[in-house]
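Okay, thanks for coming, everyone. Let me put the model up on the screen and then walk you through it.

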Amino acid sequence: MTLVASFDWHFIWEHIPDFWTGLKATLKVAAIGIGGSLAIGIVLGAARANRIPVISRLAAIYVEVIRNTPILVQIFFIAGGLTQIPGHPIRLDPFTIAWLAVTIWGGAYNTENFRAGFEAVPWRYREAGLALGFSRLATFVNVTLPIGARIALPSSINTYVSVLKNTSLLTAIGFAELTDTAYSLDSQSFKPSEVYFALGATYLLLVWTLSALLRLVERRLAIPETR
Amino acid sequence: MPEWVDPVAHYMIHEGLPTTLRLAAYAVVGSTLIGVLLGTLLTIRFWPLQALIRLYVEVWRGLPILITIFSVDFALPTAPLIHHRFGAIQGAAIGLILWGSAQVAEATRGAVQSIPKEQHEAAAALGFGWIGRHRSVILPQALRRLLPPLVSLLANIIQNTTIASLIGVTELLATGQRSIERLQLTPPGDSHAFAIYAGLLVAFFCISFPLTRLAIFLERRLV
């Protein structure tokens with residue numbers, strides 16, 4: 001019985017407004033990160049799939065560097081490293097660092113998702129578009145993009161969910177998102193069980209809701225014959 | 001080479017790197033053992049067991065690793081019945097194993113289910129029980145399919161060990177940050193943060209890139 005009795009539900013209830021403040025910052029950064037990585041993914045994924053000379057090479061380097069280094073080191077590099085460049089220091093405010101870091105990370109994973117998606121579009125579809133007199137760009141926008149983006153959707157959903165989860169690491173640079181709010185609440189109240197239970201439950205709710213929503217979109221957009 | 005580089009590099013390579021590799025080794029071994037066991041059990045058609053393992057997988061895959069590690073390190077010691085404070089490395093390893101084993105369980109389920117039904121039947125006909133059948137016939141074949149995701153997992157775990165620096169483990173990232181702080185406090189007070197963080201990115205890239213290439217190579221060869 002001590003298990004239930006010692007758990008202070010009232011404490012969680014009392015501090016919902018605090019969590020709400022952190023939650024708003026988390027959702028804001030996650031939304032920018034997801035939107036940004038979608039945009040980067042489509043543009044650089046298209047450049048990769050169409051082997052556009054210089055851009056394709058640079059995009060490949062960007063993807064490999066980001067995917068093979070820890071995002072936490074990337075965050076510190078942007079927050080602490082860039083301010084110390086000899087000669088040309090770059091100083092950014094915490095919010096800019098926050099969305100920039102998760103967007104750059106998500107964009108790299110999404111470039112790879114969309115590259116694979118665009119490359120999976122059968123060549124004959126594009127050939128048909130070109131034969132109808134569409135320019136290469138018009139063929140991409142009207143043929144490759146609508147089909148390839150749908151092929152890429154399942155794998156990019158994982159990236160979007162990871163972008164949301166990665167925002168928790170921004171507490172490391174003191175950006176006041178959900179995890180940071182919980183961390184300071186714990187250090188003021190000394191109620192770690194309550195704080196981290198509430199934090200974990202909130203993240204699971206967020207992650208499960210986001211993936212359920214995205215799967216709904218996936219079902220709605222699925223290519224008819226694969227439905 | 002500037003004068004400050006030598007002591008910093010020495011500290012990071014002899015103090016930070018071994019801790020990173022040790023933590024990664026604990027995490028990858030623990031994740032593989034628990035994950036393979038849970039993933040194999042997940043193929044048994046008995047719904048209470050399936051529901052339980054599913055819950056385990058969905059919870060630890062759904063939570064950000066940082067939250068899992070914070071919970072193990074800060075909240076678990078105050079929980080009733082446990083009252084045990086783990087060391088920072090142990091806490092980080094447990095957190096990474098909870099996440100990693102969930103990943104491995106999911107991959108193992110797929111790999112075991114990809115083995116044709118006839119293999120189960122043939123093994124059963126030879127008189128193997130459930131355990132013997134899986135240990136001697138099914139899992140050795142499933143391992144081929146499991147190897148590429150396990151190599152990717154190793155690369156991911158090495159990257160995620162940096163999260164342990166946030167609960168005070170002196171792994172590679174933490175030794176870099178301590179060096180930055182120390183350089184800042186000693187005259188002439190230049191932290192060299194740009195060079196040190198860039199060096200960390202290069203170091204992790206050199207460890208991780210060959211592993212992700214190996215995973216792609218194995219994927220092409222084995223599957």
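So, one term before we start: buried area is the accessible area, with a 1.4 Å probe, that two parts lose on being put together, summed over both. By that count, chain B and chain A bury about 3100 Å² between them, and carbon and sulfur atoms give 75% of that. On the chain B side, the residues that lose the most area to chain A are Phe194(B), Tyr197(B) and Leu201(B), together 19% of what that side buries. The contact (heavy atoms within 4.5 Å) takes 35 residues from chain B and 35 residues from chain A.

Quick housekeeping. This is a predicted model, where local features need pLDDT of at least 70 and side-chain atom pairs count only at pLDDT 80 or more, while totals for chains, interfaces and linings use all residues. Residues are numbered from 1 along each chain as its sequence is written, chains are lettered from A and ligands numbered from 1 in the order written, and side-chain values use heavy atoms, leaving out hydrogens and water.

Now chain A by itself. You get 10 helices and zero strands; those are DSSP runs numbered from the N terminus, H or I of at least four residues for helices and E of at least two for strands. The C-alpha trace spans about 75 × 55 × 25 Å along its principal axes. Of the 227 residues in chain A, 49% are buried, meaning under 20% relative accessible area, with exposed being over 50% and partly exposed in between (1.4 Å probe, protein chains only). Take the contacts in chain A between residues at least 6 apart in sequence: 77% of them join residues at least 24 apart.

Let's zoom in on α4 of chain A, residues 53-67. How far apart are its end C-alpha atoms? They're 22 Å apart, which agrees with the 21 Å that 15 residues should span at 1.5 Å a residue, because the expected span is 1.5 Å times one less than the number of residues. Buried residues in α4(A) include Ser56(A), Tyr62(A) and Glu64(A). And what covers them? Among the cover of the buried residues there are α3, α5 and α6 of chain A, together with α8 of chain B.

Last stop, chain B. Pro187(B) sits in the loop between α7 (172-185) and α8 (193-222). Buried or exposed? Pro187(B) counts as exposed, because its relative accessibility is 76%. Its C-alpha atom is 15 Å from that of Val8(B), 179 residues apart along the chain.
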